[in-house]
Amino acid sequence: MQKAKVYFTKTLTPEAVLQTYKALGIGLPGKVAVKVHSGEEGNQNFLRPAFMKPMVDFVNGTVVECNTAYDGARNTTVRHRKLMEAHQWTRNFTVDLLDAEGPDLELAIPNGRVLKTNLVGKSLANYDSLLVLSHFKGHPMGGFGGALKQLSIGCASSAGKCWIHSGGKVTDQSILWENCAEQLAFCEAMADAAASVASYFKGNAAYVNMVCNLSVDCDCCAVAEDPCMKDIGILSSLDPVALDQACLDLIYQSDDPGRDHFIERVESRKGVHTIDAAAALGLGCKEYELVSLD
């Protein structure tokens, strides 16, 4: 398989987000969904709307999100919309909560290891292209969160998040936590779900990871650890597997004193298995050429 191209800049500015996207040489057709993380109420590390604005404006995109499957300020449509307003997403962009109303859109995963179907917000069907803007950081359950997590858990409806976390057993958040899948199966379920969303857009997708505010916790945590490492930069690719792999490689290669703490979070949750499983599904490849834009 040919190596994927991954573009990299150490510059962390709104303009650099757009620069890394332009390096991909792709024009996303039609109506563009821009997947972001809205940030849980109380979280200090999520990337603010102003950081994304030049990028979203350039593609004339609609910011999209889905409701969560756990208690917090984003687990119902009413509460999530209120938070999107408080975090200034609606002030800067047109915002669409994909699973604001049911029924969900069901995507088939014929070659899925754990899941054979994925449940996403039904409004995903209103879009022709997908731009995934990910804050790459740690995660308390997945080890790390990047493009693959945004494609899977991020695009899943509230019921779909339960479906992934439980390895295809339940869709009801009231009984989710006693039905969670074993960790490797959870990683594989994320890979299955990610592959279904990427396949749905038939190549009309692009991915940008912003590797900064490197906490071991996700932006979904209301009480998150402060970042443990210095910022690294922004990376982009048309291949989400190569992109997440490149981000992890830069962290492993770092001499930052906080690197070991971050890596412990990734390895204790078997996070690399998500990348391996996604590659095995043919979602992308782990081999890449890192192209510096600096």
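How much of the accessible surface of the protein chain belongs to carbon and sulfur atoms? The answer is 50%, out of an accessible surface of about 11400 Å². Bear in mind throughout that this is a predicted model.

Now the overall build. The protein chain has ten helices and eleven strands. The C-alpha trace spans about 45 × 40 × 40 Å along its principal axes. As for burial, 60% of the 294 residues count as buried. Among contacts with a separation of 6 or more, 76% are between residues 24 or more positions apart.

On charge, I count 27 positive and 35 negative side chains, and the centres of these two sets lie 3 Å apart.

Next, the aromatic rings. Searching the whole structure gives four aromatic pairs. One of them is Y21 with F58: the ring centres are 6.1 Å apart and the planes stand at 70°, so this pair is edge-to-face. Y21 sits in helix α1, residues 14–22, and F58 in helix α2, residues 49–58, so the pair ties together parts that are 37 residues apart in sequence. Y21 is buried, at 2% relative accessible area, whereas F58 is partly exposed, at 45%.

Another aromatic pair is Y200 and F201, also edge-to-face, with 5.3 Å from centre to centre and 85° between the planes. Here Y200 is partly exposed, with a relative accessible area of 27%, and F201 is buried, at 3%.

Technical notes
Residues numbered from 1 in each chain as written. Predicted model: local features only at pLDDT ≥ 70, side-chain atom pairs only at ≥ 80, totals over all residues. Heavy atoms only, no water. Helix = DSSP H or I, 4+ residues; strand = E, 2+ residues; numbered from the N terminus. Buried < 20%, exposed > 50% of the residue type's maximum accessible area, 1.4 Å probe, protein only. Contact = heavy atoms within 4.5 Å. Areas by Shrake-Rupley, 256 points an atom, 1.4 Å probe, with all protein chains shown as cover. Lys, Arg positive; Asp, Glu negative; His and termini not counted. Charge placed at Lys NZ, Arg CZ, Asp CG, Glu CD. Phe/Tyr/Trp six-rings, centres within 6.5 Å; stacked < 30°, edge-to-face > 60°.
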